[in-house]
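Please look over the sequence and the structure before reading on.

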Amino acid sequence: MMGDRRSITFVAAALLFSIIPVRADDGAIISRWYSALLVADRTELSDLLADDVRIKLEDLGIVQSKQEFIASIDEWQGAVAGAEIRHRIEKSEGGVTTVIACYDFPDNDMLMQETFAVTDNRITASSQAAIAENCDGY
């Protein structure tokens with residue numbers, strides 16, 4: 001019986017360690033996302049998004065497809081010029097990572113809560129909602 005418990009403990013530990021790299025990869029994908037977003041890199045953003053992604057802009061009541069999101073990058077490119085984006089991962093559970101992001105534009109800043117679902121190194125769903133009109137809480 002003792003041997004069985006050790007085997008179960010080993011298997012549980014192996015499973016836990018097999019999950020950790022997935023989260024690390026998700027963090028790397030999210031970092032790539034913000035880097036690409038900052039410079040409006042359409043190619044990188046397109047590579048990071050699954051073909052059937054849904055991007056929900058809570059404050060605007062809009063859900064965008066991949067094509068709609070990429071098409072909106074022209075407008076975004078002008079808005080993001082001279083900006084900084086800082087982000088930190090708040091939590092990751094159930095395949096969804098929650099991020100707090102400060103968008104520091106030249107004339108104003110905004111604090112956002114954003115979520116990302118990642119499968120096979122692609123963002124499959126994302127949502128964005130403003131939580132403050134400045135980044136004081138970051």
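The sections below cover the model, the overall fold, the sheet, the aromatic contacts and some single residues.

## Basis of the model

The structure is a predicted model, in which local features need pLDDT of at least 70, side-chain atom pairs count only at pLDDT 80 or more, and totals for chains, interfaces and linings use all residues. Residues are numbered from 1 along each chain as its sequence is written, and side-chain values use heavy atoms, with hydrogens and water left out.

## Overall fold

The chain contains 4 helices and 6 strands. Both kinds of element are DSSP runs numbered from the N terminus, with helices being H or I of at least four residues and strands being E of at least two. In sequence order the pattern is α-α-β-β-α-α-β-β-β-β.

Of the 138 residues, 33% count as buried; here buried means under 20% relative accessible area, exposed means over 50%, and partly exposed is in between, using a 1.4 Å probe and protein chains only. The chain exposes about 8,400 Å², and carbon and sulfur atoms supply 54% of that area. Accessible areas come from the Shrake-Rupley method with a 1.4 Å probe, and for residues only the protein chains shown count as cover. Among contacts (heavy atoms within 4.5 Å) with a separation of 6 or more, 46% come from residues 24 or more positions apart.

The 6 strands form an open sheet with mixed pairing, in the order 2-1-6-5-4-3. The edges are taken by strand 2 (62–64) and strand 3 (84–93); each has a single partner strand, so one side of each lacks a neighbour in the sheet. On average, neighbouring strands of this sheet are turned by 20° against each other, direction ignored. The axes behind such angles are lines fitted to C-alpha atoms, for helices over the stretch in contact, and angles run from 0 to 180 degrees between N-to-C directions. Strands of a sheet pair through backbone hydrogen bonds, either parallel or antiparallel. Two strands are taken as paired if DSSP finds at least two bridges between them.

Strand 3 and strand 4 run antiparallel and are joined by 9 bridges. His-87 stands opposite Ala-101 in strand 4. The two strands form a hairpin with 2 residues between them, and Gly-94 in the turn has a positive phi of about 60°. On its other pairing, strand 4 (residues 96–104) meets strand 5 (residues 109–119) in the antiparallel sense, over 9 bridges. A hairpin of 4 residues joins strand 4 to strand 5. Within this pairing, Val-96 stands opposite Ala-117, and Asp-104 stands opposite Asp-109.

## Aromatic contacts

The whole structure holds 6 aromatic pairs. Rings of Phe, Tyr and Trp (its six-membered ring) pair if their centres lie within 6.5 Å; planes under 30 degrees apart count as stacked, over 60 as edge-to-face and the rest as tilted. One of the pairs is Trp-33 with Phe-116, edge-to-face at 6.0 Å centre to centre with 70° between the planes. Trp-33 lies in helix 1 (residues 2–38) and Phe-116 in strand 5, so this pair ties together parts that are 83 residues apart in sequence. Trp-33 is buried at 1% relative accessibility, and Phe-116 is buried with a relative accessible area of 1%.

Tyr-34 and Phe-116 also form an edge-to-face pair, 5.9 Å centre to centre with 85° between the planes. This pair links distant parts of the chain, with Tyr-34 in helix 1 and Phe-116 in strand 5, 82 residues apart. Tyr-34 counts as buried at 3% relative accessibility. Trp-33, Tyr-34, Phe-69 and Phe-116 form one aromatic cluster.

## Single residues

Gln-64 is in strand 2 and is buried, with a relative accessible area of 11%. Leaving out residues up to four places away in sequence, Gln-64 touches Val-53, Arg-54, Ile-55, Leu-57, Phe-69 and Ser-72.

Asp-74 belongs to helix 4 (residues 73–80) and counts as exposed at 54% relative accessibility. Asp-74 and Ala-40 are 34 residues apart in sequence and 7.9 Å apart in space, C-alpha to C-alpha. The charged end of Arg-88 sits over the ring of Tyr-138, 4.8 Å from its centre; the criterion is NZ of Lys or CZ of Arg within 6 Å of the ring centre and within 35 degrees of the ring normal.
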